[in-house]
There are 4 protein chains.
Amino acid sequence: MIKVAINGYGTIGKRVADAAAAQKDMEIIGVSKTRPTAEALVAVKKGYPVYIADISKKAAFEKAGIPVAGSIEEMVQKADVIVDGTPGGVGESNKALYEKYGKKAIWQGGEDHDLAGFSFNAHANYKDAIGRQFVRVVSCNTTGLCRVIKALDDKIGVAKVKAVMVRRGADPHVVKKGPIDAVVLDPPTIPSHHGPDVNTVLPHIDIVTMAMIVPTTQMHMHAIQMELKRESSRDEVLGVMKAHSRIGLVQATTGIKSTAELKEYVMDLGRPRSDLWENGVFEASVAVIGKDLYFFQAIHQEADVVIENVDAIRAMAGDVKDPEVSIKMTNESLGFVAI
Amino acid sequence: MIKVAINGYGTIGKRVADAAAAQKDMEIIGVSKTRPTAEALVAVKKGYPVYIADISKKAAFEKAGIPVAGSIEEMVQKADVIVDGTPGGVGESNKALYEKYGKKAIWQGGEDHDLAGFSFNAHANYKDAIGRQFVRVVSCNTTGLCRVIKALDDKIGVAKVKAVMVRRGADPHVVKKGPIDAVVLDPPTIPSHHGPDVNTVLPHIDIVTMAMIVPTTQMHMHAIQMELKRESSRDEVLGVMKAHSRIGLVQATTGIKSTAELKEYVMDLGRPRSDLWENGVFEASVAVIGKDLYFFQAIHQEADVVIENVDAIRAMAGDVKDPEVSIKMTNESLGFVAI
Amino acid sequence: MIKVAINGYGTIGKRVADAAAAQKDMEIIGVSKTRPTAEALVAVKKGYPVYIADISKKAAFEKAGIPVAGSIEEMVQKADVIVDGTPGGVGESNKALYEKYGKKAIWQGGEDHDLAGFSFNAHANYKDAIGRQFVRVVSCNTTGLCRVIKALDDKIGVAKVKAVMVRRGADPHVVKKGPIDAVVLDPPTIPSHHGPDVNTVLPHIDIVTMAMIVPTTQMHMHAIQMELKRESSRDEVLGVMKAHSRIGLVQATTGIKSTAELKEYVMDLGRPRSDLWENGVFEASVAVIGKDLYFFQAIHQEADVVIENVDAIRAMAGDVKDPEVSIKMTNESLGFVAI
Amino acid sequence: MIKVAINGYGTIGKRVADAAAAQKDMEIIGVSKTRPTAEALVAVKKGYPVYIADISKKAAFEKAGIPVAGSIEEMVQKADVIVDGTPGGVGESNKALYEKYGKKAIWQGGEDHDLAGFSFNAHANYKDAIGRQFVRVVSCNTTGLCRVIKALDDKIGVAKVKAVMVRRGADPHVVKKGPIDAVVLDPPTIPSHHGPDVNTVLPHIDIVTMAMIVPTTQMHMHAIQMELKRESSRDEVLGVMKAHSRIGLVQATTGIKSTAELKEYVMDLGRPRSDLWENGVFEASVAVIGKDLYFFQAIHQEADVVIENVDAIRAMAGDVKDPEVSIKMTNESLGFVAI
């Protein structure tokens with residue numbers, strides 16, 4: 001059993017905890033919180049030992065009904081792999097602690113590539129992560145791009161990618177962030193950081209990205225244009241997508257044509273937290289004109305990296321060498337049936 | 001086993017189907033759809049027989065992977081109780097069909113009180129529903145008001161209620177309705193229909209309501225002011241609320257102070273569809289000044305009536321005479337642990 | 001003086017009325033309304049004679065303080081040019097009336113190209129509109145695309161255009177339309193109608209467009225990618241844009257990086273109705289990589305076609321033959337100083 | 001001529017600048033900015049001398065096309081009255097500067113009452129402000145409450161006020177603040193600060209307020225309930241409102257029933273920045289049941305305090321002793337015709 005600790009039990013951390021706990025080769029030995037919030041209560045109800053950053057707050061936690069198992073440093077010592085789910089930029093400061101005890105750690109896409117020295121996507125470079133001490137799972141948008149680019153590049157060849165990312169303004173439970181009624185260029189310059197970030201995983205891909213933020217909480221939407229290396233067809237592209245274990249095709253017959261309707265469908269399917277772990281490619285949108293491919297895909301910012309973290313844990317632990325075996329274990333443990 | 005049919009498998013219908021299916025004394029014998037949408041696919045995955053309004057569309061359903069069990073008329077004949085979840089105003093036209101076969105039927109709050117001649121809330125008038133052919137479960141807002149008013153009136157006495165309902169603009173998956181950036185008076189006159197609607201359940205309550213719509217999809221918020229019949233205290237009021245099996249107190253220590261954070265918490269607890277079946281009274285807001293009581297409560301428009309429908313089915317079927325027994329059966333079947 | 005009538009005094013109609021009234025060679029002889037709303041009151045305050053669709057409603061208008069000048073048919077007879085600002089699809093039914101009296105008429109982009117047989121953009125084809133009876137001013141998005149594509153094609157050469165349109169969900173005063181919290185593919189297929197619509201004005205341009213709707217009321221945002229016919233530079237492209245009388249460059253020093261901040265700036269400049277008549281190209285976004293050009297532009301859906309309507313009126317009336325003369329007259333009459 | 005300086009040329013400051021500049025007894029001798037943004041450019045275009053907080057940034061301003069007239073300290077010395085429009089909490093730190101030069105200063109409602117020792121509303125206590133050195137103009141919500149409560153209390157008598165404030169999340173140009181899809185209790189406790197704030201102007205009023213934030217940028221909405229001291233009638237209340245020079249009645253015939261439609265109407269009337277300076281009471285909503293009065297009013301958060309600042313300047317300067325004279329001068333200078 002791989003002993004997994006979640007340092008930062010928030011939006012991503014709590015999902016990775018549940019997904020890792022569902023693996024037959026992993027167990028959650030602890031999760032960390034800085035304040036005794038609703039999420040900390042949830043950790044208790046789920047049976048995860050709660051460790052805290054500032055042990056002087058122990059009384060406050062316990063008064064709120066949250067037993068404290070110890071300090072974060074104690075949690076780190078008990079773990080084989082730590083998944084760092086702290087906010088972007090904070091994770092960096094935890095590196096020394098992981099090094100002190102010689103522990104393996106995974107950071108999220110909010111940290112720089114150089115912090116871990118390796119950026120991960122299960123379908124792209126699982127084997128290169130085997131046995132590594134430090135890994136960074138790329139962000140939700142980069143994960144979504146890597147999956148589909150890698151698959152199409154392998155099977156057809158990708159000459160150039162131009163992607164426009166229409167990003168959600170804040171996660172559903174975040175009430176202080178906006179915008180309320182605006183489209184915000186983020187950044188107002190071109191390219192956005194997403195293209196270079198794809199290159200940390202797929203260095204040879206020619207990609208230019210543009211990004212903006214809109215007033216929604218439910219999923220990012222990517223408008224993707226690719227120049228393929230040869231003429232292809234809609235059917236061939238759909239075939240590549242269907243064959244991918246983490247690309248879901250939103251079928252035209254469902255009538256779904258928005259992020260909100262897609263979220264409702266995933267909710268109705270009974271997925272935990274209504275999570276869409278796979279890329280949600282809108283089947284009706286896939287168009288091929290000569291060598292040019294166009295399509296829309298929805299990326300659930302809270303979910304798609306969760307299963308990548310699970311595979312990263314397994315690769316770093318080193319017992320499973322075959323990416324397809326790990327991916328299958330992860331998907332099946334979640335009862336992940338394609339949309 | 002009470003044979004339950006869901007006529008209109010939409011936002012409310014699909015939730016009532018799952019809740020009724022979870023009861024040991026009920027089974028779902030069919031659900032109906034008018035079009036082969038994503039929701040119809042979900043019904044198939046859940047194993048509910050799908051009946052359709054226009055049997056000439058059978059081929060279209062089956063092409064979309066949805067086996068058709070028959071017409072709605074056939075479904076009605078097989079049922080003991082039909083839960084009519086069709087859109088407001090449509091349900092009325094189904095009455096003749098239910099009468100033709102002498103079936104019991106439940107309408108939702110979008111229909112007029114006179115259609116059923118009886119408006120239902122489990123804690124208020126379960127016994128009066130026993131054996132009835134037709135019942136109307138009042139709307140989400142009215143249900144939320146009735147629960148808390150009835151409980152306080154029984155224990156302390158309510159002289160006057162003034163409530164401001166800040167309503168969500170549309171359900172999460174509805175993408176055509178707004179507003180996007182406005183507060184809309186709905187209606188622009190005072191009182192809104194909610195006060196009189198409370199009186200269909202609790203005729204003697206003096207209540208004036210004001211209502212508006214805001215650009216959110218997540219829960220209604222009620223700002224409630226009550227004049228009690230005698231001086232009371234915050235502790236007494238909290239005690240009444242805590243003792244109620246369908247009022248949840250959102251504790252101050254959770255840090256939750258918005259509909260979105262409350263929804264996240266319910267999601268994290270693993271509730272199906274992240275549903276808040278109970279009134280979400282914000283503990284920190286409960287204030288008593290002399291005889292005046294003030295508080296905020298969140299009402300999940302998709303969820304609170306679901307469990308009332310289950311109790312209404314049981315009352316109409318007639319085997320369970322005690323409201324507390326039915327309420328307990330319903331709550332426990334859903335693993336409903338108070339927030 | 002060209003006698004102008006506005007058939008449909010709504011979002012576009014009321015703006016065209018004010019803009020035409022500001023021209024020294026035009027006068028507004030009447031505007032039409034179907035109901036005695038706030039906009040009708042505004043027409044009265046501005047001194048525009050109000051004509052009504054259904055003369056039997058005359059009493060209702062007059063009771064609301066709106067004198068009625070006559071029927072729409074009477075208005076049409078008095079006009080030289082009718083600007084039809086009725087909702088998309090309705091304008092078509094008015095054609096017979098305009099033909100009956102041999103009047104010139106302008107439709108908006110919501111109508112099909114075939115209705116008028118000619119689609120207009122001042123910089124692209126003013127001369128072809130001279131003396132025409134029927135003209136269609138293309139939609140706000142198409143207008144914004146035509147301006148910038150035509151200018152770059154004339155000066156540098158445009159090989160291919162790929163544009164993603166992130167559209168506002170509803171105009172600011174429209175409270176029933178959404179979405180509230182979703183990105184809606186509209187259409188979910190590729191290409192959207194915008195590319196073919198550009199071709200009604202610029203037939204030889206190779207363009208593929210993708211479109212979605214987001215929950216904002218303030219301006220559309222275009223993410224544009226163009227393959228130029230030769231290598232160019234950022235400076236050359238900026239030079240072409242600066243030289244265009246209806247393209248505004250949102251300078252990086254202003255700190256403006258969203259539609260909302262741009263709207264505020266235009267408001268602060270004192271523009272009537274805070275209208276942005278020109279394309280709002282974000283200077284910081286303009287990037288040239290080899291032959292590939294990338295940039296963002298904001299398009300104010302209520303405003304950019306207004307000045308095109310004014311030029312169309314002038315072209316159709318026939319006295320001003322030179323497009324640059326008309327464009328200058330229009331711009332200067334509005335005190336239109338580039339952002 | 002009263003020499004007015006605007007320290008903090010932002011949302012409120014820029015509006016007060018324009019409104020004061022429109023008075024025949026006032027002139028703007030300078031405005032201040034901390035950064036060379038779009039608003040600073042607007043100040044230049046309007047001809048207001050720009051002073052800056054950090055004189056070392058002079059070069060950056062001038063590079064952006066903004067001539068710098070000097071430091072804020074220099075501006076203060078030239079002024080008779082400084083209107084402090086800096087963000088809430090910042091204004092306090094400026095007091096020493098105003099005292100150093102013995103200047104009169106006005107703070108906004110984001111500062112505490114104690115900072116100025118006097119909280120102002122033109123209709124309530126203009127005379128008490130005559131000749132004062134320091135005055136605080138209460139916030140937009142408090143201003144809107146004071147106007148209507150004071151008028152009704154004077155004419156009919158107000159026994160108790162219960163108001164629910166549904167507040168906009170952020171001003172239209174603010175793109176970082178939310179919420180996007182939530183109703184946020186702000187504060188989650190009762191009463192909110194608005195009631196006590198009304199008491200800084202009207203000490204004897206019995207008032208309890210509840211407040212929440214919703215995802216809109218356009219105006220606050222107040223749901224107001226008042227117990228009057230005697231039985232009254234809808235006509236009497238409407239009469240009091242109509243007679244007030246800063247309460248506007250949104251007439252039922254306009255069909256306006258939302259903040260967005262009201263904003264559009266004010267925009268169409270040609271008001272600068274589409275500003276609603278008066279309370280927007282929805283005529284259709286005014287209901288009187290015995291001694292109980294109910295109504296909705298819209299409060300434009302960017303605008304209603306602007307004209308109060310102008311009157312405060314005049315009162316502090318001391319030449320105009322009669323509030324009605326000042327209010328009339330202010331209103332008329334802006335061409336303020338009641339909605």
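Predicted model: local features only at pLDDT ≥ 70, side-chain atom pairs only at ≥ 80, totals over all residues.
Between chain B and chain A the count of salt bridges is six, and eight residue pairs are in polar contact, both residues being at pLDDT 80 or more. On the chain B side, helix H1 (11-21), helix H2 (38-46) and helix H11 each supply at least two of the residues that touch chain A. By class, that side of chain B comprises twelve nonpolar, six polar and ten charged residues. As for extent, 28 residues of chain B meet 28 residues of chain A, and about 2,500 Å² is buried between the two chains, with carbon and sulfur atoms giving 56% of that area.

In general, a rotation about an axis and a shift along it relate two copies of a chain. For chain B and chain D, the superposition takes a rotation of 180 degrees and a shift of 0.0 Å along the axis, with an RMSD of 0.0 Å. The two copies are therefore related as by a two-fold rotation axis. Within chain B, Pro215(B) has the C-alpha nearest this axis, at a distance of 3.0 Å.

Which surface does each copy use? The copies meet through the same surface, because 100% of the interface residues of chain B are interface residues in chain D as well. Each chain brings 41 residues to the contact, as counted for chain B and for chain D. The area buried between chain B and chain D is about 3,500 Å², and 67% of it comes from carbon and sulfur atoms.

Polar links are present across this interface too. There are four salt bridges between chain B and chain D; one of the pairs meeting in a salt bridge is Lys160(D) with Asp292(B), whose side chains come to 2.8 Å, N to O. The number of residue pairs in polar contact between chain B and chain D is 17, with both residues at pLDDT 80 or more. Several elements of chain B each supply at least two residues of the side that touches chain D, namely strands S9 (158-168), S10 (184-185), S11 (207-214), S12 (220-228), S15 (287-289) and S16 (292-299), together with helix H11 (259-268). This side of chain B has 28 nonpolar, eight polar and five charged residues.

Asn121(C) is found in the loop between strand S7 (119-120) and helix H7 (122-129) of chain C. With a relative accessibility of 0%, Asn121(C) counts as buried. Apart from residues up to four places away in sequence, Asn121(C) is in contact with Tyr126(C), Thr143(C), Cys146(C), Arg147(C), Val201(C) and Glu308(C).

Methods. Residues numbered from 1 in each chain as written. Chains lettered and ligands numbered in written order. Heavy atoms only, no water. Least-squares fit on C-alpha atoms with pLDDT ≥ 70 in both. Contact = heavy atoms within 4.5 Å. Buried area = accessible area lost by both parts, 1.4 Å probe. Polar contact = N/O pair within 3.5 Å; in protein donor to acceptor, adjacent residues only side chain to side chain. Helix = DSSP H or I, 4+ residues; strand = E, 2+ residues; numbered from the N terminus. Nonpolar A, V, L, I, M, F, W, Y, C, P; charged D, E, K, R; others polar. Buried < 20%, exposed > 50% of the residue type's maximum accessible area, 1.4 Å probe, protein only.
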